[in-house]
Amino acid sequence: MQVELIHFLCLAAILFGIGLYGVLTRRNAIGILMCVELMFNAVNINFISFAKFITPDKIIGQVFAVFVIVIAAAEATVGLAIVILIYRNFKDVFIDKMNIMKW
Amino acid sequence: MQESVKTILENFSLNIDLVTLMPEIIICGMALLTMILEPFLKGDSRKVVMHLTWLSIVAALISIYSIWTSQPNLQSLQFADAYRIDSYSLLFKAVFLIGSLLTVFISSNFLKFKNVPDGEFYSLILFATFGMMNMASAGDLIVLFIGLEIMSLCLYVLAGILRRSVYANEASLKYFLMGAFASGFLMFGIAFIYGATGTTSIVDVIQSSEILSNTYLIIGAAMVMIGLGFKVGAVPFHMWIPDVYTGSITNVTAFMSAGPKAAAFAAFFQVFIVALRPLQSEIEVVLWILSALTMTLGNILAITQNDVKRMLAYSSISHAGYVLIALVAFTPAATTAGLYYLLCYTVMNIGAFTVLIMVEARENSDTNFSSFAGMGRRYPFLGILLTIFMISLAGFPPTAGFMGKFLVFKSAIDTGSTSLIVLVVLAVVNSLVSVYYYLRVVVVMFMVEPELEYRPINFATGIIAALVISMGGTLLLGIYPQIFAFFLNTALI
C-alpha cells in the first residue's frame with residue numbers, strides 16, 4: 001500500500017482530536033498542558049506532509065514546523081511557570097479548585 | 001532538495017529599509033534594554049525604567065508620524081515579502097502605541113499601591129506591543145503567528161503579575177490554557193491554508209489562481225476563525241474574557257482590552273479580507289452570525305453585573321461585535337471604519353479604566369458599583385470626565401464612540417445588502433440597551449451617598465496625563481473627525 005497525503009492528514013487529525021478531547025476533559029493542569037502539546041504536534045505533522053506532497057520544491061512547510069516547535073517550547077515554559085505559581089498558592093494543580101470567579 | 005534550497009537562497013532578497021522599520025526597532029530595542037537595566041537599579045532610580053518606556057513609545061509614535069508624512073503612499077514589502085509596511089499597518093501600529101502609552105501612564109502609581117515589582121512589567125508591555133506591531137505588518141502567516149505568540153506569551157505573564165492574589169493566578173491560568181488552545185486551532189488552520197494554496201504568504205494566497213483543494217481551504221478558514229475568534233472574544237469563544245479581565249490587575253485589564261484586541265482584529269482583517277477573499281460569501285455568513293451573537297450576548301450579560309470591571313469586560317465583548325460588522329461588510333471603506341472604531345475604543349476605554357483605577361487605588365476599596373458612590377459630589381470634574389467616557393462607550397453624539405459607530409454602520413449600509421441592514425438595526429438596538437449599564441455608573445456616582453466616610457482619591461502625575469490624553473482623544477475623534485480625514489484615504493487594499 002502506498003502511503004498518501006490523506007493518511008498523514010488522518011493521523012494528524014486523530015492526534016489533534018485526542019489533544020482536543022484531553023484539553024476539554026482533563027482536570028489536571030499539567031495534563032491539559034500535555035494535551036495542548038499533542039495538538040501542536042498534530043500541526044507539525046500537517047505542515048511536514050503538506051510540504052512533502054504539495055510543495056516538494058519549497059521548504060516553507062519545514063520552516064513553519066520549526067517555528068511551531070519553538071513556540072511550543074516557549075508556551076510550555078510560561079505554562080509550567082504559571083502552574084508552579086498556582087501550586088504555591090492553592091497547594092494543588094486541579095483546575096476544579098480554580099473557580100473562585102464564576103465562569 | 002539540496003538544489004532547491006540553493007535556488008531559494010539565491011532568489012532570497014531581504015530588501016530591508018531600516019527607516020520604515022524604525023518603530024519596531026525602537027520598541028524591541030527598548031524592551032531588551034529595560035530588561036537588562038532593571039536588575040542594576042535600586043530604590044528611586046528604578047523610575048528610570050518607567051520614563052524610558054514612555055519616552056520610547058513616544059519616539060516610536062513620532063517615527064510613525066514622520067514615515068507617514070515623508071512617504072504618504074508607502075507600500076513596501078520587506079524581509080523577502082514577509083513583512084508589509086503600508087499606511088494601513090502604520091495606523092494600526094499607532095493605535096497599539098497609544099494604548100501602551102496610556103497603560104504606562106496609569107501603571108506607575110498603581111503598581112506601587114498594589115506592591116508589584118515594576119521592573120519586568122514595562123519590559124513585558126513593550127514586548128507585547130512589539131508582537132502586536134508584527135501582527136499588523138505581517139505579510140506572511142508565519143510572521144502573523146509569531147507576532148501573535150510574542151504578544152500572547154507576554155499577556156499570560158502580565159495577567160498573573162499580581163503573584164500573591166489567587167484571582168490573578170486563576171486569571172493567568174485560564175488565559176494561558178484558552179490562549180494555547182486557540183493557538184493550536186490557529187496553527188492547524190494555517191497548515192490547511194498552506195495545504196490548499198501551497199504558500200503561506202498573505203498576498204500570494206489570493207493570487208494562487210488554481211486553488212489545489214477547496215475543502216482544505218474551507219477547513220483552514222474555519223479553524224483560523226475559531227483561533228482568532230478566541231483572541232478577539234467573539235461569542236461562542238468568549239468565556240475566558242470576563243474571568244481574565246476581572247482577575248488581572250486593573251491596569252493590565254485596560255491594556256488587554258485595547259491593544260491586543262485591536263491586534264487580533266488586525267490579524268482578522270489580514271487573513272479574512274486579504275488572504276481568503278475567494279471564500280468571501282461563506283465567510284460573510286459565519287461572521288454575520290458571530291457579530292450578531294457577540295454584541296447581543298455581551299450586552300445582555302453586562303446588564304446583570306455588579307462589578308464595574310466585570311461590566312467593562314462584557315462591554316468589551318459587545319464592542320468586538322460592532323467591529324465585526326466592518327468585517328461582514330467586506331469593503332475598503334469598512335476596513336477603514338473598523339480601524340477608526342478601534343482607535344476610538346482604545347482611547348475611551350482606557351479613559352474609563354483610568355477613572356476605575358483612581359477609585360480602586362484607595363484604602364479598602366474595590367471595583368464594585370458602590371465604590372463609585374459619592375464620587376460625583378466630591379470630585380465633580382472627575383465625575384464629568386467619567387460621564388463623558390461612559391456616554392462615549394454608549395455611543396452618544398459629541399464623542400468618539402458615536403463617530404466610530406457611525407462610520408462602521410454607514411460603511412455597512414452603503415453596501416446596500418439587506419442582511420447587513422438587519423445587522424446594523426440589531427447593533428443600534430444593542431447600543432440603546434447598553435445605555436442602561438453605562439449610565440448606571442453615572443447614576444451611582446452622582447446620586448448615591450457613600451455608606452462610609454468618603455476616602456479621598458490620589459491624583460498622580462501619570463494618571464492626570466493619561467486622563468488628559470484619553471479625554472482629548474475622545475472629544476477630538478468625536479467633534480473634529482476632519483483632522484483624521486487622512487484615515488479615510490487609507491484602506492486595506
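This is a predicted model: local features need pLDDT of at least 70, side-chain atom pairs count only at pLDDT 80 or more; totals for chains, interfaces and linings use all residues.
Let's start with chain A. Its secondary structure comes to 3 helices and 0 strands. Along the sequence, the pattern reads α-α-α. Along the principal axes, the C-alpha atoms fill a box of roughly 50 × 25 × 20 Å. Of the 103 residues, 43% count as buried. Now look at contacts with a separation of 6 or more. In chain A, 57% of those link residues 24 or more positions apart.

Take Asn44(A). Asn44(A) sits in helix H2, residues 29–53. Is Asn44(A) buried or exposed? Its relative accessible area is 10%. The cut-off for buried is under 20%, so Asn44(A) is buried. What does Asn44(A) contact, leaving aside neighbours within four places in sequence? The partners are Ala65(A), Val68(A) and Ile69(A). Phe64(A) is 20 residues away along the chain, and its C-alpha atom is 8.2 Å from that of Asn44(A).

Next, Val93(A). Find Val93(A) in the segment after helix H3, which runs 60–90. Val93(A) also counts as buried, at 16% relative accessibility. Follow the chain from Val93(A) to Asn28(A) and you cover 65 residues, yet their C-alpha atoms are separated by 6.0 Å. Val93(A) touches Asn28(A) too, along with Arg27(A), Ala29(A), Val83(A), Tyr87(A) and Met98(A). That list leaves out residues up to four places away in sequence.

Now the nonpolar core. The largest one has 228 residues. Which members touch the most other members? Phe92(B), Phe265(B), Phe268(B) and Met375(B). Pick Met375(B) and look around. Beyond four places in sequence, Met375(B) touches Val355(B), Val359(B), Pro380(B), Leu382(B), Gly383(B), Leu386(B), Met445(B), Tyr454(B) and Ile457(B).

On to the cavities. How many of 30 Å³ or more turn up in the whole structure? There are 5. The largest share, 4 residues, comes from H11(B). By class, the lining has 10 nonpolar, 1 polar and 2 charged residues.

Last topic: backbone angles. Most residues other than glycine have a negative phi. Here are two residues of chain B with a positive one.

Asn115(B) has a phi near 60 degrees. Asn115(B) lies in the loop between helix H4 (87–113) and helix H5 (119–137). Its relative accessible area is 70%, so Asn115(B) is exposed.

Phe330(B) has a phi of about 65 degrees, and it is not a glycine either. Look for Phe330(B) in the loop between helix H13 (308–329) and helix H14 (332–360). Is Phe330(B) buried or exposed? With a relative accessible area of 4%, Phe330(B) is buried.

Asn115(B) is exposed, whereas Phe330(B) is buried.

Conventions:
Residues are numbered from 1 along each chain as its sequence is written. Chains are lettered from A and ligands numbered from 1 in the order in which they are written. Side-chain values use heavy atoms; hydrogens and water are left out. On a 1 Å grid over the protein atoms alone, a cavity is a set of points where a 1.4 Å probe fits but cannot get out, and a pocket is an open set with protein on both sides within 12 Å along at least five of seven lines; lining residues have an atom within 4 Å of a point. Grid points are joined across faces, edges and corners, and a volume is the space filled by probe spheres set on the points. Ala, Val, Leu, Ile, Met, Phe, Trp, Tyr, Cys and Pro count as nonpolar, Asp, Glu, Lys and Arg as charged, and the others, Gly among them, as polar. A nonpolar core is a set of buried Ala, Val, Leu, Ile, Met, Phe, Trp, Tyr and Cys residues joined through side-chain atoms within 4.5 Å. Buried means under 20% relative accessible area, exposed over 50%, partly exposed in between (1.4 Å probe, protein chains only). Contact means heavy atoms within 4.5 Å.
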